[in-house]
Amino acid sequence: MSSSSNVNSVFYAESYHPIQAGSIDGTDVLPHDNAVYRAFLCTNSGLYDPFGDPKVIGDPYCTIFVGRLSHSSTEETLRQAMSRYGRVKNLRLVRHIVTGASRGYAFVEFETEREMRRAYKDAHHTFIDDSEIIVDYNRQQLMPGWIPRRLGGGLGGRKESGQLRFGGRERPFRAPLRQIPFDDLKRLGIPPPLEGRYVSRFEVPSPPRRKRVSADREDYSYKHDEETSRDYHLERSPSLEQSSDRRRRSRDRHDHSSKHHKRSRHSHRDEKKSNSRDHSGVVGSMDRSSSRQHGRYSHESERWSPRRNSLSDD
C-alpha cells in the first residue's frame, strides 16, 4: 500500500484498550505516557465499572454524547438545539459536584434509535452558543473495555493537552506504515488492525446497533399470536367440564340405544320362535286330524285301514 493511500485510509476501534488508544496506528505495545499507564492499570484491576454510575439512565442505543459545550450552555439551550433532530426524552448536563458549573459535555436520550442516529450524523460539528460541538454514541455503555478520560482513557483530545487518544470518530487509527507485531498484540489482548478492510477518513462510522432486535420482535410476535390464538379458541370452545359432560351424555345415549336395540332384537327373535312353535302345533294337529279322517273314510278299501281291520275281526 502506498503512503499516499495510507493518508486517507483509517479504521475505528470496536473495543477499548488503553495502550492501543494511545497509538496513532493502533500497533503500540507499551504505554507512552503516565495517563495511558494509569488507564491500563484500571483495566487490569477492574477499578472502573461503566454500569456503576447511578446517574446514567435511559436506553444507551438512543443516547448520544455531546462534547465541547460552552460553559454558558444550559439544559434549555441544549434541549432546544437537539430538538431539531428528534424528540428529546431525557437530557443530563454534567456539572461539577462542588461548584455546579458545567463540565462541557452532556448526554441526550431520544425517543427512538432512528432519531438518535439522525442527531449522531447531522449534529456533529454544529454550533451551540457559539461553540462547535462534537457528537458520539454512548461509549460508556456500548464500547467494551471503556475507560473515561478522568482515569487516563477516553478518545480524541486536543494537541495542546498532550494526551491524544485514537480510534474514535474525531481521531481514527490510520493505516499502519510499519510491520504489525501480531504476537505482542495477541499477548496483550489488543485487536490487530483490520488489514484490507480500511475505510476512508471521510466516511462516517456507524454507531453499534441493537443486537437481535428483529429476532426478539419475531419471537414476541409469535408468542403473542400463539397466546391470542389459544385464548380465542378457549373462548370459542366449551370448558373441560362441559366437554366431559357432553361426552358422558353421548356415551349414555349410545349405551341406552344399544341396550334398546338388543332388547328389540331378542324380543323379535322370541316372537318369531313363538310364532314358529304355534304354527308348527297347528300344522301338526291338522295333519293328525286329517290322517285320522283319511284313515276312517278315505282308506276303508285298504286292508290295513283301522276300520276295516276292526270289522274283519268281528
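Q: What share of the contacts in the protein between residues at least 6 apart in sequence join residues at least 24 apart?
A: Keep in mind that this is a predicted model, where local features need pLDDT of at least 70, side-chain atom pairs count only at pLDDT 80 or more, and totals for chains, interfaces and linings use all residues. Residues are numbered from 1 along each chain as its sequence is written, and side-chain values use heavy atoms, with hydrogens and water left out. A contact here means heavy atoms within 4.5 Å. Among contacts between residues at least 6 apart, the share joining residues at least 24 apart is 67%.

Q: How many helices and strands does the protein have?
A: Helices (H or I, at least four residues) and strands (E, at least two) are DSSP runs, numbered from the N terminus. Going by that, the protein has 10 helices and nine strands.

Q: What percentage of the 314 residues is buried?
A: Buried means under 20% relative accessible area, with exposed set at over 50% and partly exposed in between (1.4 Å probe, protein chains only). Out of the 314 residues in the protein, the buried part comes to 33%.

Q: Is D25 buried or exposed?
A: D25 sits in the loop between α2 (18–21) and α3 (34–45). Its contacts, leaving aside residues up to four places away in sequence, are F11, F173, R174, P176, L177, R178 and P193. As for F11, it is 14 residues away along the chain, and its C-alpha atom is 8.8 Å from that of D25. With a relative accessible area of 6%, D25 is buried.

Q: Which residue in β9 is the bridge partner of S9?
A: Strand β1 (residues 9–11) and β9 run antiparallel and are joined by two bridges. In β9, the partner of S9 is S200.

Q: Which residue in β7 is the bridge partner of G67?
A: Strand β2 (residues 63–67) runs antiparallel to β7, with four bridges joining them. Strand β7 (residues 134–137) is covered on both faces: V135 and Y137 on one side and I134 and D136 on the other are all buried. The β7 partner of G67 is I134.

Q: Which element gives the most residues to the lining of the largest cavity?
A: On a 1 Å grid over the protein atoms alone, a cavity is a set of points where a 1.4 Å probe fits but cannot get out, a pocket is an open set with protein on both sides within 12 Å along at least five of seven lines, and lining residues have an atom within 4 Å of a point. The lining of the largest cavity is K55, V56, I57, T63, N90, R92, F107, V108, E109, N138 and Q140. Two elements give two or more of these, β3 (88–95) and β4 (102–110). With three residues, the top contributor is β4.

Q: What volume does the largest cavity have?
A: Grid points are joined across faces, edges and corners, and a volume is the space filled by probe spheres set on the points. One cavity of 30 Å³ or more turns up. The volume of the largest is about 100 Å³.

Q: How many charged residues are in the lining of the largest pocket?
A: The largest pocket holds about 1300 Å³, and among its 40 lining residues F65, Y105, F107, P148 and R149 lie nearest the centre. Domain 1 (1–49 + 145–202) and domain 2 (51–142), with bounds from an automatic or database domain assignment, each give at least three lining residues. Ala, Val, Leu, Ile, Met, Phe, Trp, Tyr, Cys and Pro count as nonpolar, Asp, Glu, Lys and Arg as charged, and the others, Gly among them, as polar. The lining then has 14 nonpolar and 11 polar residues, and the charged count is 15.

Q: Which residues lie closest to the centre of the second largest pocket?
A: This pocket has a volume of about 370 Å³. Of its 17 lining residues, the closest to the centre are Y12, A13, E14, P205 and S206.

Conventions. Pairing = 2+ DSSP bridges.
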